[in-house]
Amino acid sequence: MYFIDFLRILARPNLLTYMLMFTNTKLLCLTLVCVLSLSACSKDSVVPEDNDISKNLELSNNFTYSTMEMEILDAVNDHRKSIGLTVLQKLDDITIEAVDHTEYMVSLNVVNHDNFNMRYQNLVQEIGARAVSENVGFGYRTAEAVVEAWINSEGHRANIEGSYTHFGISVEQDQNGKNYFTNIFARR
């Protein structure tokens with residue numbers, strides 16, 4: 001008897017319509033959350049291009065890079081040169097942000113773009129960045145392999161080939177010897 005009453009309630013056009021609208025609204029919200037959380041990690045600043053403040057900031061370049069990190073930076077610049085783009089300059093402030101993020105990923109054992117907006121804001125304030133993007137990776141054994149994977153991925157390649165002036169890199173191993181990578185690009 002209860003089942004028949006339930007079917008009668010569902011058969012009412014107003015209630016059924018309401019239930020479908022509610023379900024569709026939930027699906028729409030869920031879809032928006034997924035799209036927003038999976039979007040590419042790149043962002044432009046509202047700082048005008050002709051702003052002299054960022055041009056007067058002192059930039060440091062004293063960071064000591066590992067062999068693999070240097071190989072990645074060189075491979076990225078080799079790719080940019082091969083398609084007629086300018087080479088990027090490495091920059092300590094960007095690398096420090098990359099190191100912090102790589103350490104964070106290793107601590108969680110997960111590759112992610114968590115807190116990208118924080119890195120973006122830090123680079124806008126620290127170096128006057130007008131645009132920032134990043135590539136992350138996990139598990140590749142060589143610089144050549146990770147850069148090749150990024151170049152073969154449309155979104156990662158767009159970051160490598162983007163209108164940037166500087167970059168930074170971090171490579172760290174987890175307790176199992178797996179490499180984690182963060183490559184951040186910025187335009188000043």
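These are my notebook entries on what I looked up in this predicted model.

**Confidence**

I started with the pLDDT values. The chain averages 81, and 68% of the residues score at least 70. Over residues 15-22 the pLDDT is below 50, and I found three contacts for this stretch beyond near neighbours in sequence. Residues 27-40 also stay under 50, and for them the model has zero contacts beyond four places in sequence. Where pLDDT is low, the predicted coordinates should not be read in detail. I left both stretches there and moved on.

**The largest nonpolar core**

Next I asked which residues have the most contacts inside the largest nonpolar core. They are Ile72, Val76, Trp150, Phe181 and Phe185, in a core of 18 residues. I then checked which elements give two or more residues to this core: helix H4 (67-82), helix H7 (143-151), strand S4 (166-173) and strand S5. Another core, of 12 residues, lies apart from it, and I noted Ile94, Phe116, Ala129 and Ala186 among its members.

I looked up the neighbours of Phe185, leaving out residues up to four places away in sequence. Phe185 touches Val76 and Leu88, a run from Ala131 through Val132, Ser133 and Glu134 to Asn135, and also Asn159, Ile160, Tyr164, His166 and Phe167.

**Aromatic rings**

I counted six aromatic pairs. One of them joins Trp150 and Phe181 edge-to-face, with 6.4 Å from centre to centre and 85° between the planes. The two residues are 31 apart in the chain, Trp150 in helix H7 and Phe181 in strand S5, and the pair links distant parts of the chain. Are these two residues buried or exposed? Trp150 has a relative accessible area of 2%, so it is buried. Phe181 is at 0%, so it counts as buried too. I also noted that Tyr140, Trp150 and Phe181 form one aromatic cluster.

**Two buried asparagines**

I turned to Asn183, which sits in strand S5 (residues 179-187). Its relative accessible area is 0%, so Asn183 is buried. What does its side chain reach at 2.9 Å? I found the backbone oxygen of Gly168 there. Beyond four places in sequence, Asn183 touches Ile72, Val76, Ser133, Glu134, Asn135, Trp150, Phe167, Gly168 and Ile169. Among these contacts, Ile72, Val76 and Trp150 are names I had already written down for the largest core.

Asn159 is in helix H8 (residues 154-160). Asn159 is buried as well, because its relative accessible area of 7% is under the 20% cut-off. Its side chain makes a polar contact with the side chain of Ser133, at 3.4 Å. Ser133 is also listed among the contacts of Asn183 and of Phe185.

**Helix H5**

Last, I looked at helix H5, residues 92-108. From first C-alpha to last, its 17 residues reach 24 Å, close to the 24 Å expected at 1.5 Å a residue. Which of its residues are buried? I listed Asp92, Asp93, Ile94, Thr95, Glu97, Ala98, Val99, His101, Thr102, Met105 and Val106. An α-helix has 3.6 residues a turn, so residues three or four places apart point the same way. The cover over the buried residues of H5 includes strand S2 (89-90), helix H6 (116-127), strand S3 (131-138), S4 and S5. Just after H5, I noted that Asn109 takes a positive phi of about 60°.

Key. Residues are numbered from 1 along each chain as its sequence is written. This is a predicted model: local features need pLDDT of at least 70, side-chain atom pairs count only at pLDDT 80 or more; totals for chains, interfaces and linings use all residues. Side-chain values use heavy atoms; hydrogens and water are left out. Helices (H or I, at least four residues) and strands (E, at least two) are DSSP runs, numbered from the N terminus. Buried means under 20% relative accessible area, exposed over 50%, partly exposed in between (1.4 Å probe, protein chains only). A polar contact is a pair of N or O atoms within 3.5 Å; within protein, one must be able to donate a hydrogen and the other to accept it, and residues adjacent in sequence count only if both atoms are side-chain atoms. Contact means heavy atoms within 4.5 Å. pLDDT is the predictor's confidence in each residue, from 0 to 100. A nonpolar core is a set of buried Ala, Val, Leu, Ile, Met, Phe, Trp, Tyr and Cys residues joined through side-chain atoms within 4.5 Å. Rings of Phe, Tyr and Trp (its six-membered ring) pair if their centres lie within 6.5 Å; planes under 30 degrees apart count as stacked, over 60 as edge-to-face and the rest as tilted. The expected span of a helix is 1.5 Å times one less than its number of residues.
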